[in-house]
Amino acid sequence: MTNTHTLVLGGTGKVGRRVVAQLEELGHDARAASRRSNTRFDWNEQSTWADALAGAGAVFIMPNDADDGAQLEAFTGLARKMGVRRLVLLSAREYVDMGLTVGITREEIVQRSGIDWTILRPVWFAQNFSEEPFLSAGVDDGEVLISTGAGRHPFIDAEDIAAVAVAALTEEGHAGRTYELTGPRAITVAEAVEAISTTIGRTIRFVPSSPDDYVDYLVSRGLYDKETALLVAGLTEYIRDGHDAHLSDGVQQALGREPRDFTSYVATTAASGRWTA
């Protein structure tokens, strides 16, 4: 069997569906894989892996957050046996900056897989303000409560993450590269909220919070369970303390252009009607 198409794990998610769309726009054969897609894939059902991998020459990996590395190790071994030639792993810059062992372990597994690999380390997505409950729910309600304080963050547009992934999946020159991906400038959540509010013409308030109160908010609103809420609050503390404001040039390295600004994301999302009251 000739391995020709690209398999996109998490192909219906924030990044995955954009990877699929951009691959198809360029004329590539892309297969979106998830538990409910036509190409079925479930990290917790190993029996689904081989069928999903059949015929794949390249794979975009959205890992299982609950995996300690054992699943990914088994998956990359199977991918190698089935003739996959390229792997692109969605990781995160914070994993390394904060020394989060599980995230670092995933990168190491892909690096020693015996397959050409590329690792993407984005920061927080701009799309969190429209697609992720810990920010989007507040935008919808007109009051964004979060414990980032005056800390700045260089939000990355998920379209740019997908574009780098597509380049690594389809072009030469990206094997063995790790791309840290940020937007072109660091802004506060208050500034992000103001940009959205001004663009859509609806008042949205930024409400500063302590980390403990933020955890309570996330849990009481039913947005996350306590364990996940604590993780998110830990990330907000990292931002609040100024550790995550620095820029990275992965988009420029991979694509030869500047990343999209947060205002471009806001304009596109507003035009889509996502924030229509």
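This is a predicted model: local features need pLDDT of at least 70, side-chain atom pairs count only at pLDDT 80 or more; totals for chains, interfaces and linings use all residues.
R18 sits in helix α1, which covers residues 16-25. Its side chain meets that of E159 in a polar contact of 3.2 Å. Setting aside neighbours within four places in sequence, the contacts of R18 are Q127, E131, A158, E159 and A162.

Turning to the rings, the count of aromatic pairs comes to 15. Take F41 and F75: their pair is edge-to-face, with 5.6 Å from centre to centre and 80 degrees between the planes. It's a link between distant parts of the chain, with F41 in the loop between β3 (39-40) and α2 (49-53) and F75 in helix α3 (residues 70-81), 34 residues apart. Both F41 and F75 are buried.

F134 and Y224 make another pair, and this one is tilted, because the ring centres are 6.5 Å apart and the planes stand at 40 degrees. F134 belongs to helix α7 (residues 133-141), while Y224 is in the loop between α10 (211-220) and α11 (226-240), so the pair ties together parts 90 residues apart in sequence. With a relative accessibility of 7%, F134 counts as buried, and Y224 is buried too, at 15% relative accessible area. F134 and Y224 also turn up in one aromatic cluster, together with W124, F129, F155, F262, Y265 and W275.

The most comes from α11, which gives five residues. Sorted by class, the lining of the largest pocket has 22 nonpolar, 12 polar and 12 charged residues.

The second largest pocket has a volume of about 250 Å³. Here 22 residues form the lining, with A58, R86, A168, L169 and T170 closest to the centre. Two or more lining residues come from each of β1 (5-9), β4 (56-61), β5 (86-90), β6 (116-122) and α8 (158-170). By class, the lining of the second largest pocket splits into seven nonpolar, nine polar and six charged residues.

Key. Residues are numbered from 1 along each chain as its sequence is written. Side-chain values use heavy atoms; hydrogens and water are left out. Helices (H or I, at least four residues) and strands (E, at least two) are DSSP runs, numbered from the N terminus. A polar contact is a pair of N or O atoms within 3.5 Å; within protein, one must be able to donate a hydrogen and the other to accept it, and residues adjacent in sequence count only if both atoms are side-chain atoms. Contact means heavy atoms within 4.5 Å. Rings of Phe, Tyr and Trp (its six-membered ring) pair if their centres lie within 6.5 Å; planes under 30 degrees apart count as stacked, over 60 as edge-to-face and the rest as tilted. Buried means under 20% relative accessible area, exposed over 50%, partly exposed in between (1.4 Å probe, protein chains only). Ala, Val, Leu, Ile, Met, Phe, Trp, Tyr, Cys and Pro count as nonpolar, Asp, Glu, Lys and Arg as charged, and the others, Gly among them, as polar. On a 1 Å grid over the protein atoms alone, a cavity is a set of points where a 1.4 Å probe fits but cannot get out, and a pocket is an open set with protein on both sides within 12 Å along at least five of seven lines; lining residues have an atom within 4 Å of a point. Grid points are joined across faces, edges and corners, and a volume is the space filled by probe spheres set on the points.
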